[in-house]
Amino acid sequence: MKDLFAVAMLSGIYGLLSASLFVTMDAVDVAFTEASVGAGISTLLMLTTVAMTGRSENTVRHKPVLALVVVFVTGALLIYGTLDMPYFGDVQAAANLHVAPRYIQDSFQEIGVDNIVTSVLASYRAFDTFGEVVVIFTAGIGVLALLTFTRRPKGDTEINSLNDSMHEQYLIVRIVSKILIPFILLFALYVQFHGDFGPGGGFQAGVIFAAAIILYAMLFGMSVARRVINQSFVQLFAAVGVLTYGSVGVASMLNGGNFLDYDVLSDDPVAGQHLGILLIELGVGIAVATVVIIIFFNFAGRIGFSKREGNKE
Amino acid sequence: MMDMVIDISSALCLLLGSFLCLSGGVGIIRFPDFYTRMHGAGVTDTLAASMILIGLMLQNPDAIVILKLVMILLMTLFISPTASHAIAKAAINSGLLPLLDNKENKDGES
C-alpha cells in the first residue's frame with residue numbers, strides 16, 4: 001500500500017473498530033477515549049502530515065524479507081505466550097484477584113463517585129495518570145521545540161489572503177460549523193465534569209475541545225485562527241494544566257498526607273476526594289486540549305511554509 | 001391499544017432504518033462513480049440514522065431519554081448532510097469529474 005492517505009484513513013478505521021470492540025466489552029470510558037483520540041485526532045494529525053509530505057511512499061528497492069520473518073516469529077511467540085493466560089473474564093485470574101476486588105468494593109465508600117473508572121484513574125492510580133499528563137505535555141514541548149519557526153517574512157500576507165479568498169467557497173460548511181462549534185465546546189465541558197457519573201473525564205473532554213478549535217481553524221483559515229487563539233496563551237495553559245495536577249499533589253503533601261492523597265484536602269475525606277478528582281481532571285483537560293491545539297497549529301502552520309520553501313529552491 | 005400502535009410503528013421505523021443502512025452499504029460498494037457512492041453514504045448517514053433514532057424514541061416513553069435522543073437527532077440532521085456536502089465539494093474542487101453518459105469521459109474513478 002503506497003498511498004499514505006489511504007493508510008491514514010485505514011488506521012482511523014482501525015481506531016473506530018477497536019472503539020466498538022471496547023464497547024462490546026462494556027468498557028465505555030475507554031471506547032470513548034479511543035474513538036475521540038484514535039479515530040478522531042490521530043487521523044486528523046496524520047492527514048495534516050500527509051498534506052505536508054506528499055501522498056505516496058517512496059518505493060523500496062529491496063523486499064523486506066528479514067523484517068517479515070522477525071514479525072512472524074515475534075507474533076508466534078506472543079500467541080504461544082497467550083496460551084498460558086487465563087480465560088477472558090475468569091474469576092480466578094490473577095489480574096482480577098489482587099487489587100480489583102478492593103477497588104470495586106470500597107470505591108463508593110472511600111471516594112463517593114459513581115464511576116469506578118474515574119475513581120481508579122483519578123484517585124487510586126492518580127500517579128500513573130500524572131505520568132500520562134506529563135507525557136502528553138512532553139509531546140507538546142517536543143513539537144514546539146522542533147517545529148516552531150521565527151516570525152514569518154512579509155511574503156506571507158499574500159498567502160494569507162489566498163487562504164481567505166479560497167475559504168469563501170466553503171459557505172455552507174462555514175455556516176453550519178458556526179452554529180455547531182459552541183455546542184461542541186459546551187459538550188466538551190459537559191464531558192469534563194460529568195466524568196464522575198458517566199463516561200467522560202479530562203482526556204476525552206480535552207480532545208473534544210481541541211477538535212472544536214481545530215474545526216474552526218480549518219474552516220476559517222490559519223491566520224484568523226491565530227488571531228482568535230493566541231499562541232502564547234495556549235502554550236502557557238499547557239503548562240498550567242500540568243502544574244494544576246502537580247500542585248494538587250503538593251497541596252496534599254502540605255496538608256500532611258502523601259503525594260496525591262486527596263483525603264487530607266478537606267475535613268471530610270470523601271469531600272476531599274471529590275475536590276481532588278475535580279481539580280486533577282481539570283488539569284488533565286486543560287493540558288490535553290492545549291497540547292493538541294499546539295500540535296495542530298504547528299503542523300498546519302508548516303504547510304504553506306514548506307511549499308514556499310520548495311518554490312524558492 | 002395505544003401501546004401496540006407505538007410498538008408497531010417503532011418496529012417499522014427500526015426495520016426501515018436497518019434496511020436503509022444495508023442498502024446504503026451495498027450502494028457504497030456497487031455504485032460506479034464517486035459521486036453516486038457519496039449519495040449512498042449520505043443516505044446511510046442521515047436518513048437511516050434518523051429512522052433508527054425515531055424508532056428508539058418510540059420504544060422508550062421516558063421524557064429524559066426522548067429528550068436526549070431528540071438532541072442526537074438534531075445533531076445528526078445538522079452534521080451528516082454537511083459532511084457529505086463537504087466531501088463532495090472537496091472532490092469537485094480537486095477536479096474529480098462525475099461519470100457522465102458520454103464515453104469520452106474516462107476518469108470517473110479516482
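**Entry 1. Dimensions of chain B.** I compared the radius of gyration of chain B with the globule rule: a compact globule of 110 residues would come near 13 Å, whereas chain B has 18 Å. I note at once that the model is a predicted one. I then took the extent of the C-alpha trace of chain B along its principal axes, which is about 60 × 20 × 15 Å. Of the 110 residues in chain B, 12% are buried.

**Entry 2. Fold of chain B.** I looked up the secondary structure and found three helices and zero strands in chain B. The order along the sequence is α-α-α.

**Entry 3. Helix α1 of chain B.** I checked the length of this helix, which covers residues 2-30 and has 29 residues. From the first C-alpha of α1(B) to the last I read 42 Å, close to the 42 Å expected at 1.5 Å a residue. Which residues of α1(B) are buried? I found B:C13, B:G17, B:L20 and B:G24. I then looked for what covers the buried residues of α1(B), and the cover includes α2 (34-59) of chain B.

**Entry 4. Nonpolar cores.** I turned to the largest nonpolar core, which has 45 residues. The residues with the most contacts inside this core are A:A210, A:A287, A:V288, A:V291 and A:V292. I listed the elements of chain A that give two or more residues to this core: α2 (28-53), α5 (116-124), α6 (126-147), α8 (171-193), α9 (202-220), α11 (231-254) and α12 (269-312). The most comes from α12(A), with 14 residues. Apart from this core I found another, of eight residues, among them B:C13, B:A48, B:I52 and B:L53. I recall that B:C13 is also one of the buried residues of α1(B).

**Entry 5. Surroundings of A:V288.** I looked up the neighbours of A:V288, leaving out residues up to four places away in sequence. A:V288 touches A:I136, A:G202, A:F203, A:G206 and A:V207.

**Entry 6. Contact of chains A and B.** How many residues does each chain bring to the contact? I counted four residues from chain A and four residues from chain B.

Methods
Residues are numbered from 1 along each chain as its sequence is written. Chains are lettered from A and ligands numbered from 1 in the order in which they are written. This is a predicted model: local features need pLDDT of at least 70, side-chain atom pairs count only at pLDDT 80 or more; totals for chains, interfaces and linings use all residues. A nonpolar core is a set of buried Ala, Val, Leu, Ile, Met, Phe, Trp, Tyr and Cys residues joined through C-beta atoms within 7 Å. A residue is buried if 20 or more other C-beta atoms lie within 10 Å of its own, exposed if 12 or fewer, and partly exposed in between; C-beta atoms are placed from the backbone. Helices (H or I, at least four residues) and strands (E, at least two) are DSSP runs, numbered from the N terminus. Two residues are in contact if their C-beta atoms, placed from the backbone, lie within 7 Å. The expected span of a helix is 1.5 Å times one less than its number of residues. The radius of gyration is taken over C-alpha atoms; the globule rule is 2.2 Å times the number of residues to the power 0.38.
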